[in-house]
Amino acid sequence: MKAMRKIAGLFSTAMLAFALAACITWTTAGDEPRAEIAESLDAAANGSCGEDASSVDWDSLPQEVVAWVEVPGTNIDQPIAKADKQNPNAYLYLDALGRGNYGTPYIDADCTAELLFVPVYGHNISDGGAFADFAKFSDEAYARSHSVINLHTRDGRKHEFEVIAVDIVNANAETMCPDFDDVEAITRQIAKSDIVIAEHGGVSKVFAFTTCSYQTDNSRTVVYASPISQ
């Protein structure tokens, strides 16, 4: 993976381009819940996983990095962290190695291993880094042509997800915060999206990749993805 080969300078030239929506909460899990989340992600897509041929060197990454996301045909090739309770806002500013000040995509603080809904927040960097390309998914043609999302996990597997919906949220007036353990609420949330590509079956985990976008002065693009059935 190109991002892994240059991880030491992952965000060194990036410009911070957004603030997260007001619905984000900052109470986070400690080391044990983080490990549980990593294991939960490993098992998130049993029907769509295979051996991982990527170059992710998990031994070189801190335990805060619980997964790696890659979207073919885009610049999205990023670690996913889980903040700890001693410094819950750390990954707004720190890179995956704990240095720098441009952030790392990270799982919502309230997300735990058993939940079916996994919000992941990442900056929209002005040079096209981090989660910037997720903002392009507000164009339906782009979303459909970049519909496969690969999630690499610490068990050495690659899980394939497909984009099922895209929602553009004005954070001044609405939030993206359904009850994380309420399947019906999650399904309703996805169904009312601006772009609906496929129905949510209500069984598997759903990832909500969220970044700043510029339809309004405080917009977010939320890309919902679920495991590809095999």
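Which residues does Phe134 touch, not counting residues up to four places away in sequence? Here are some friendly notes on that and a few other spots; please keep in mind that this is a predicted model.

1. Let's start with Phe134. Leaving aside residues up to four places away in sequence, Phe134 touches Val71, Ile76, Ile149, Phe209, Thr211, Thr221 and Val223.

2. Phe134 also belongs to the largest nonpolar core, a set of 24 residues. Phe134, Phe137, Ile149 and Phe209 have the most contacts inside this core. Two or more residues each come from strands S2 (65-70), S5 (117-121), S6 (148-153), S7, S9 (206-213) and S10, and from helix H3 (140-145). In soluble globular proteins, nonpolar side chains tend to be buried together.

3. Another core lies apart from the largest one. This other core has ten residues, including Ile164, Ile186, Val222 and Tyr224.

4. Now a look at Pro105, which sits in the loop between strand S3 (77-81) and strand S4 (106-107). Pro105 has a relative accessible area of 1%, so it counts as buried. Pro105 and Thr211 are 106 residues apart in sequence, yet their C-alpha atoms are 9.4 Å apart in space.

5. Finally, the second largest pocket has a volume of about 180 Å³. Strands S7 (157-170) and S10 (219-227) are the elements that give two or more residues to its lining. Among the lining residues are Glu162, Ile164, Glu199, His200, Ser226 and Pro227. By class, the lining of this pocket has six polar, four nonpolar and two charged residues.

How values were computed
Residues are numbered from 1 along each chain as its sequence is written. This is a predicted model: local features need pLDDT of at least 70, side-chain atom pairs count only at pLDDT 80 or more; totals for chains, interfaces and linings use all residues. Side-chain values use heavy atoms; hydrogens and water are left out. On a 1 Å grid over the protein atoms alone, a cavity is a set of points where a 1.4 Å probe fits but cannot get out, and a pocket is an open set with protein on both sides within 12 Å along at least five of seven lines; lining residues have an atom within 4 Å of a point. Grid points are joined across faces, edges and corners, and a volume is the space filled by probe spheres set on the points. Helices (H or I, at least four residues) and strands (E, at least two) are DSSP runs, numbered from the N terminus. Ala, Val, Leu, Ile, Met, Phe, Trp, Tyr, Cys and Pro count as nonpolar, Asp, Glu, Lys and Arg as charged, and the others, Gly among them, as polar. Buried means under 20% relative accessible area, exposed over 50%, partly exposed in between (1.4 Å probe, protein chains only). A nonpolar core is a set of buried Ala, Val, Leu, Ile, Met, Phe, Trp, Tyr and Cys residues joined through side-chain atoms within 4.5 Å. Contact means heavy atoms within 4.5 Å.
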